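Trainee: Hey, could you walk me through this one? I'd like to go piece by piece.

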Amino acid sequence: MILLKNGHVVDPAQNLNGKADILIEGQTIKAVGENLQAEGAQVIDLEGKVVMPGFIDMHVHLREPGREDKETVLTGTQAAIHGGFTSIACMPNTTPVADNETVVESVLYKAMKANLADVYPIACITKGQKGEELTEMLLLNRAGAIAFSDDGRTVQHSGVMRRAMDYSKALNGLLISHCEDEDLLGGGVMNEGIVSTELGLGGIPNEVEDLIIARDLMLAKLTGCRIHIAHVSTKGGVELIKKAKEEGVKVTAEATPHHLCLTEEAVRGYDTNTKVNPPLRREEDRTVLFQALKDGIIDCVATDHAPHTIQDKDVEYAFAANGISGLETAAPLIWTNFVATGQMTMEQMVTAMCKRPAEILGIEKGTLEAGRMADIVVLNPDAEKAVDRNEFYSKGKNTPFHGTVLKGWPELVVKGGRIVLNQGALC
Amino acid sequence: MPIAKKDLIHLSDLTVDEIYQIFKKAQEMKQVLAGDDKKHPILRGKSVINLFYENSTRTRSSFEFAGKYLGADVVNINTSSSSVMKGESLKDTALTLDRLNPDVIVMRHGASGAHEILASHVKARVINAGDGQHQHPTQALLDMLTIYEHKGGFEGLKIAIVGDILHSRVARSDVWGLQALGADVTLCAPPTLMPSRADQLGAKISYNMDEAIKDADVIIMLRIQLERQKSGMFPSIREYAAFYGLNAQRLKLAKPDCLVMHPGPINRGVEITPEVADGVQAVIEEQVHNGLAIRMALLAIMGGAAE
């Protein structure tokens, strides 16, 4: 038994936001309340600390199988725990892609062996992510796929997407859409605007994203399918999602910490760690995106953790790989920039990083109610530390936040009743 | 007269004062070039690497002559960007060249921002001879010297830059430099060849060439790459020439003493007609000569042997 005492517990699912103790027995939470006692329990005093349900990241790239030089299921789940995430959903763009049961089962098997964060594989919408023929969604679901996405390779043909949405209703499936019109994208490598003009880099207008968001929302309305819009970065995208939600479309959406914290200005100097897809946008987009997260139009925070090797990034901007290694900086970024500054409450943070992702994925997670799996993260709200990418457990050291001083770092993580992170280090 | 910054990557790495000092040094170099003996060996014992990842006639040969006239040892490395994508990274090339102890590395590269990588891995001073669609500072310096010599200054000058602004590093350097020196700049292109939010560069924006060059003191024509038409950026060469080409008739809209400039190589009959390119108002070959003088001046100053 473990007794977490005197922490400030935040769990909007049970209207909890104050000092409370949590008693863990075996793999589950036995009780949450004031002045809990338990004979023989390991008592951990969390005075001054913040206790939240383990974070859930529904957008992670684990790279295995195929690109184990970038990340593996083991290093990816180590990074997850280090960042306070006890559950992650991983994207299917591995080599080979997860368009078959074998890849899905292989990821699940490796996650079981790693025995750290729970891993929920997302399978492809189309075979080979080619945007043509549907995958065997029913078989994939039975093998463990939690959702479907051709992440990074938007289904360009509206007819194929409509068919995918219709078919997935057989299992009340969830489609996750990375929204990008490839023809309009052209050769763009960063947000289109004065910064791309001055830097002489190909621009990506917001409409590359907005067009497909609009299309997928219309198709979701037509079909009644559940659709989740990945990494929304634009003001226009937020407005489209808001309108669709008002009309009753079954849409949810996520925003990444980098789109919430950075703008295109970060690209000046050509740091390729700022190269990400969708690109970092303008301040007016960032402001609207953050407000939408608070208002619940954007349901959750997801990292789009995209680890790359050093050599993938240590090249000319136009040639560099897209993506940011995000699992190990997400919580302190949100805490430091938004919670500590009073722009966002702790409940809103838990809603965005625990409660809503669990609801969207349909998993029994994201709350500290008695009887649930004891997946718990403890943050130190005050201690400041600079991001040091060399301390990442992830193989991906590609972060634009290296050197940024943050607080709200995860100190303790309990996964299934077991302490897996203590004093910020994996056990 | 030193230049404060180690590298010349963006024209704004220079102060206005430094730009005028470079003009002065370039005019000294023109005196040297006018003499019987062009050797002015103030860079004896210094070395210059010309690292060219893109083809170039004017820029590469003028940097080579500039180094040689000044007595430096010059090595030319020409490579194609495709071999870079397959082979050695720019970082590794930079680390390798640095161990050859060059004093100056002049680089042209097809990727915007490539010089940031080079400069962060070498001790040598880096001069940008063109990077992608970003900057071409020495072209802007030679353009500005040419204007300065003809007009005596920049304050109040009306200058039109016409052509493929979107893909032009020359335009991006020119627009910064000419405005810093006090000129009034108009950028003119078909809308598909105008970069996003170009109005925020400080210049006026026009899609109508007749308006753009009206009463101009200087017209800088840009080369239109014919492949742009094939990739759908504009409908036809014929239409482009008719609406965005400089011909004798259209030139009459500008001031009678308007200078006609072009960074070369020119497409005769496309962006400029032969009679204008060879006409009395054109200073295109003078630009080439000033390019040599500017590059000699920069190497003299940045090579470490400045008086």
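Trainee: Which domains does the assignment give for chain B?
Mentor: Domain 1 covers 11–135 + 288–302, and domain 2 covers 137–283. Keep in mind that this is a predicted model.

Trainee: How far apart do the C-alpha centres of those two domains of chain B lie?
Mentor: They lie 25 Å apart. Where the two domains touch, domain 1 of chain B puts in 22 residues and domain 2 of chain B puts in 18 residues.

Trainee: And which elements give two or more residues on the domain 1 side?
Mentor: For chain B, those are α1 (16–34), β4 (125–131) and α13 (284–302). Sorted by class, that side of domain 1 of chain B has 10 nonpolar, nine polar and three charged residues.

Trainee: Let's zoom in on B:I127. Where does it lie?
Mentor: B:I127 lies in strand β4 of chain B.

Trainee: Is B:I127 buried or exposed, and why?
Mentor: Buried, because B:I127 has 24 C-beta neighbours inside 10 Å, and the cut-off for buried is 20 or more.

Trainee: What is B:I127 in contact with, leaving aside neighbours within four places in sequence?
Mentor: With those set aside, B:I127 is in contact with B:L8, B:V104, B:V106, B:T138, B:L298 and B:M302. Here's another pair to find on screen: B:I127 and B:Y53 are 74 residues apart in sequence, and their C-alpha atoms are 14 Å apart in space.

Trainee: What about confidence, what's the mean pLDDT of chain B?
Mentor: The mean for chain B is 94, with 96% of its residues at 70 or more. As for the model's scores, ipTM is 0.90 and pTM is 0.93.

Trainee: Switching over, how is chain A divided?
Mentor: Chain A has domain 1 (2–51 + 373–426) and domain 2 (54–361). Their C-alpha centres lie 25 Å apart.

Trainee: How many residues are in contact between those two domains of chain A?
Mentor: On the domain 1 side of chain A there are 31 residues, in contact with 43 residues of domain 2 of chain A. The elements of chain A that give two or more residues to that domain 1 side are β1 (2–11), β16 (376–380), β19 (409–415) and β20 (418–422).

Trainee: Which one gives the most?
Mentor: β19(A), with four residues. By class, the domain 1 side in chain A divides into 19 nonpolar, six polar and six charged residues.

Trainee: Now a helix. What should α8 of chain A span, and what are its end C-alpha atoms apart?
Mentor: Helix α8 of chain A has 12 residues (235–246), so at 1.5 Å a residue it should span 16 Å. Its end C-alpha atoms are 17 Å apart, which agrees.

Trainee: Which residues of α8(A) are buried?
Mentor: A:K235, A:G237, A:V238, A:L240, A:I241 and A:A244. These buried residues pack against α7 (207–223), β13 (226–229), β14 (251–255) and α10 (283–295) of chain A.

Trainee: What happens just after α8(A)?
Mentor: There you'll find A:G248, which takes a positive phi of about 90 degrees.

Trainee: Last topic, how many residues does the contact take from chain A and from chain B?
Mentor: Chain A gives 18 residues and chain B gives 21 residues. On the chain A side, the largest share is four residues from helix α6 (residues 194–199) of chain A. By class, the chain A side has eight nonpolar, seven polar and three charged residues.

Key. Residues are numbered from 1 along each chain as its sequence is written. Chains are lettered from A and ligands numbered from 1 in the order in which they are written. This is a predicted model: local features need pLDDT of at least 70, side-chain atom pairs count only at pLDDT 80 or more; totals for chains, interfaces and linings use all residues. The expected span of a helix is 1.5 Å times one less than its number of residues. A residue is buried if 20 or more other C-beta atoms lie within 10 Å of its own, exposed if 12 or fewer, and partly exposed in between; C-beta atoms are placed from the backbone. Two residues are in contact if their C-beta atoms, placed from the backbone, lie within 7 Å. pLDDT is the predictor's confidence in each residue, from 0 to 100. Ala, Val, Leu, Ile, Met, Phe, Trp, Tyr, Cys and Pro count as nonpolar, Asp, Glu, Lys and Arg as charged, and the others, Gly among them, as polar. Domain bounds come from an automatic or database domain assignment.
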